[in-house]
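This report covers charged side chains, strand pairing and backbone angles in one model. Please read it alongside the sequence and the coordinates.

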Amino acid sequence: MGFTAAKFDPFPGPWRNFVDRRDEDFAIAYVRAMRDALGPEFELLIEAHRRFAPAHAIRIGHRLAEFGIDWYEEPCLSENIELVAEVRRALQIPIVTGEAIYTREAFFDCLARRAADILNPDICVIGGITAMLDIAAMAQPQAVVMAPHNYNSTLVGLAATVHVSAVIPNFRIAEYFVNFADLCRDIATESLGVQDGWVELPTSPGLGVDLDVEKLRAHPHQEATHRGFRQYWEEYPRKGYTPSLR
């Protein structure tokens, strides 16, 4: 599909502040394999899911720097934004935070503390288009760019994100889940297409997408479980810590 960047979490093991040295070595080997396979121009966006203590996040960040990564996302809890700021002060790689920040006021505090080079608010949880425009406007004078998070939707949410991205001057890149695309197209009468890693700006009324309500009803809400996470860790190829590309 022509993508020139990929975001991934290379860190195995339990989600806790302490990082086992073997898990750290595995992550570094995984990123090295990605860089070797994809070449120097491909953008590697490393995700940490807010789970490290600053000492571990900083040590790992120094090791990641040799691979020319394009960002280090959510190394520490954004609820305690000073932890993220501590990591940013210690590293020379771009730091991302914002997907778990849900108010303009919290983003204002993040910017005031110079905690990040890139913000990734999610339009589905931050308050919609107006809130995204406000955050982008706050970030621009601070030389901070926007890379909208988009886990919640590759249809309505993505369409809203695309419109915002087209009009803010500090847009960097937007998240897109390829594995959600088929389901979203199935429930849409109009959807967005991706060509060579780019989304064409819609020109039809509103957001430029529409839902087939009857098809949507075929996918009723279900309570989330943790089975998927348990299965993931049970099946994770930990023996030998050999990275693989799939």
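D122 is buried (under 20% relative accessible area, with exposed over 50% and partly exposed in between, for a 1.4 Å probe and protein chains only), yet D122 has no salt bridge. A salt bridge here is a side-chain nitrogen of Lys or Arg within 4 Å of a carboxyl oxygen of Asp or Glu. The nearest side chain of opposite charge to D122 is K7, 8.8 Å away; Lys and Arg count as positive and Asp and Glu as negative, while His and the chain ends are not counted.

The model is predicted, so local features need pLDDT of at least 70 and side-chain atom pairs count only at pLDDT 80 or more, whereas totals for chains, interfaces and linings use all residues. Residues are numbered from 1 along each chain as its sequence is written, and side-chain values use heavy atoms, with hydrogens and water left out.

**Surroundings of D122**

D122 sits in the loop between β5 (118–119) and α5 (123–126); helices (H or I, at least four residues) and strands (E, at least two) are DSSP runs, numbered from the N terminus. A polar atom of the D122 side chain lies 2.9 Å from the backbone nitrogen of C124. Such a polar contact is a pair of N or O atoms within 3.5 Å; within protein, one must be able to donate a hydrogen and the other to accept it, and residues adjacent in sequence count only if both atoms are side-chain atoms. With neighbours within four places in sequence set aside, D122 is in contact with M132, H149, N150, Y151 and N152, where contact means heavy atoms within 4.5 Å.

**Salt bridges**

Side chains of opposite charge can pair when their charged atoms come close. The structure holds 20 salt bridges, including those in the table.

| Pair | N to O distance |
|---|---|
| K7 and E73 | 3.1 Å |
| R88 and D117 | 2.8 Å |
| R217 and E214 | 2.6 Å |

K7 and E73 meet in a salt bridge. K7 belongs to strand β1 (residues 5–8) and E73 to strand β3 (residues 71–73), so this pair ties together parts that are 66 residues apart in sequence. K7 is partly exposed, at 29% relative accessible area, while E73 is buried, at 0%.

R88 forms a salt bridge with D117. Because R88 is in helix α3 (residues 81–90) and D117 in the loop between α4 (104–112) and β5, the pair ties together parts 29 residues apart in sequence. D117 is partly exposed, with a relative accessible area of 23%.

R217 and E214 both lie in helix α9 (residues 213–217), three residues apart, about one turn of the helix. R217 is exposed at 58% relative accessibility, and E214 is exposed at 54%. Salt bridges with shared partners also join R21, E24, D25, R59 and R63 into one network.

**Strands and backbone**

β1 and strand β2 (residues 43–47) run parallel and are joined by four bridges; strands pair if DSSP finds at least two bridges between them. A5 has E43 in β2 as its bridge partner. From β1 the chain crosses through helix α1 (residues 21–38) to β2, in a right-handed β-α-β crossover. Right-handed means that, with the strands pointing away from the viewer, the path from the first strand over the helix to the second runs clockwise.

H49 is not a glycine but has a positive phi, near 55 degrees. H49 lies in the loop between β2 and α2 (54–64) and is partly exposed, at 23%. D196, also not a glycine, has a positive phi of about 55 degrees; D196 is in the loop between β8 (194–195) and β9 (198–199).
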